[in-house]
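Thanks for taking a look at this one with me.

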Amino acid sequence: ETPLIEVDAAKRLSKIDPMTYGGFTEHMGRCIYGGIYDPQSPLSDSNGFRKDVVEALRELDIPVIRYPGGNFCATYHWQDGIGPREKRPSRPELAWLGTETNQFGTDEFMAWLSVLSEGSPEGKRVEPYLCLNMGTGTLDEALAWVEYCNGTRDTYYANLRRANGHAEPYRVKYWALGNEVWGPWQIEQMTADDYAKKAAQWAKALRLLDPDLVLILCGQDGTASWDHTVLQACVPVVDMHSIHVYTAAGTSHVKNVTAPLAAERAIRIAASLIELARIERGVSVSRPPTKICFDEWNVWDPERAPGDKGAEEQYTLSDALAVAVWLNVFVRQSRYIGMANIAQTVNVISPLMTTQNGVVRQSTWWPLLLFSRYMRGWTVATHVRAGAYDGETQPAWLQGALEDGASWLDVSASVDEQGYVSLAVVNISDKEDFEVEVKGIAGKDVSVYTITAPQVTATNTESKEEVGMVEGMWNGEGPYKFPKHSFTMLRWKAQ
Ligand code: AHR
């Protein structure tokens, strides 16, 4: 049978939240210092912000950026990072074992987001998303941070912000109740019960101060008993549930590109745990759905690129295809996703690297760019017939969990407000091209974007770009050949 892809553009399954294309900047390695902030560099503006980084990131149209961590949060005292720079303390940093100089803090982050937002065509701003210190931090400090950022009255921390030169409140809506509090590496790791009790109390107090906050619960990977326990306790008082997954499978290409399918299962399980908790806790169905905030995701092998050495991954074509599968997962599961944040945005496990001379767009930049640009609007139904991979997977349990294996063509599709259909197709095979009948697009003007390279090991560095994007047109007639180890986006007007 000829392989086939059918897209039913009239069958809208669920809205794709624009927040799916979020970023994350942590005080870790060269993300902040040397990535977004580098006052010594001739490439920086008068604020010390790297102009080339800002220009590149504007291409991604990022809706929200999480800050200041990650694990960094667990010992971060935000007041160290405000006021005159020469008075800010340097402190030992216990997540990544460096020294935090505090030269970049809340006001610099907000200023950087404003600069980044200047590029937005519709005057949209890049939303801040701040993560609270539930390690060594106190509730008092958390409340003070919210007051500093959002206070409009004549109160101490609102006035401190004004005294630091920021008359207008920052209106920070998104706040995380800690980060990976379940992890043994965490300063002040907690049991699920202890965390749940504390998170519920913090949520109550934070809402009394600012009822408009969107509060995000600290989950694990969506499938753990931690997720179950904290949701049962806190679902009535939070707005989203955060989960984290990183994938990697060494040099095994097919394992690498199918690994994100484990995250798809995690999303479905987390969504069920959320629904169950809402039912059991009597949350009214009229309350907005509690969505998943997938606020750390990416390809990362911490042994290959250790966190305390800056976690600078050099991504291959195979990793770019894994990122495309990751993004397909988010589009397919868009019903459940309220936000997702690639970890991270610059230098640290990132699609964008800085050098002294400029920026390097890694292989993973390209799928992210295409999804952020075109996979907007609604997820639509697809049907794919292309055979499936049913060999070993990473993690090993995934092989059994995939009912019919992993389709050789991993697909998602969307239709946007203007009626443009975008079809994202990853040919995960490193051996076979697929000639495919794409139903219903004969005679259309189809824009084609292809990301591939001769080898799955191809990479981009300062001196070579082996993985880029090729653009073309197709009239939709006859079968379309999706080359081995490639990502293709086809885009056409529905009517
Ligand atoms: O993104 C790197 C680290 O990975 C984050 O700090 C932490 O939350 C996760 O373990």
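**Notes on a helix pair and a ligand site**

1. Helices α9 and α10 are roughly parallel to each other, because the angle between them is under 35 degrees. Helices here are DSSP runs (H or I, at least four residues), numbered from the N terminus.

2. Before going further, please note that this is a predicted model, where local features need pLDDT of at least 70, side-chain atom pairs count only at pLDDT 80 or more, and totals for chains, interfaces and linings use all residues. Residues are numbered from 1 along each chain as its sequence is written, and side-chain values use heavy atoms, with hydrogens and water left out.

3. Back to the helices: α9 covers residues 317–332 and α10 residues 365–374, and they pack at about 25° with their axes 8 Å apart. The axes are lines fitted to C-alpha atoms over the stretch in contact, and angles run from 0 to 180 degrees between N-to-C directions.

4. Which residues make the contact? From α9 come A320, V323, A324, L327, N328 and V331, and from α10 come P367, L368 and F371, where contact means heavy atoms within 4.5 Å.

5. Now to the ligand, which 13 residues surround, the closest being E26, N71, E180, Y246 and E296 (a heavy atom within 4 Å counts as near).

6. Oxygen atoms of the ligand have side-chain polar partners (N or O pairs within 3.5 Å): E180 at 2.7 Å, Y246 at 2.8 Å and Q344 at 3.0 Å. Alone, the ligand exposes 290 Å², of which the protein buries 95% (Shrake-Rupley method, 1.4 Å probe).

Conventions. A polar contact is a pair of N or O atoms within 3.5 Å; within protein, one must be able to donate a hydrogen and the other to accept it, and residues adjacent in sequence count only if both atoms are side-chain atoms. Helices (H or I, at least four residues) and strands (E, at least two) are DSSP runs, numbered from the N terminus. Angles under 35 degrees count as roughly parallel, over 145 as roughly antiparallel, 65 to 115 as roughly perpendicular and the rest as oblique.
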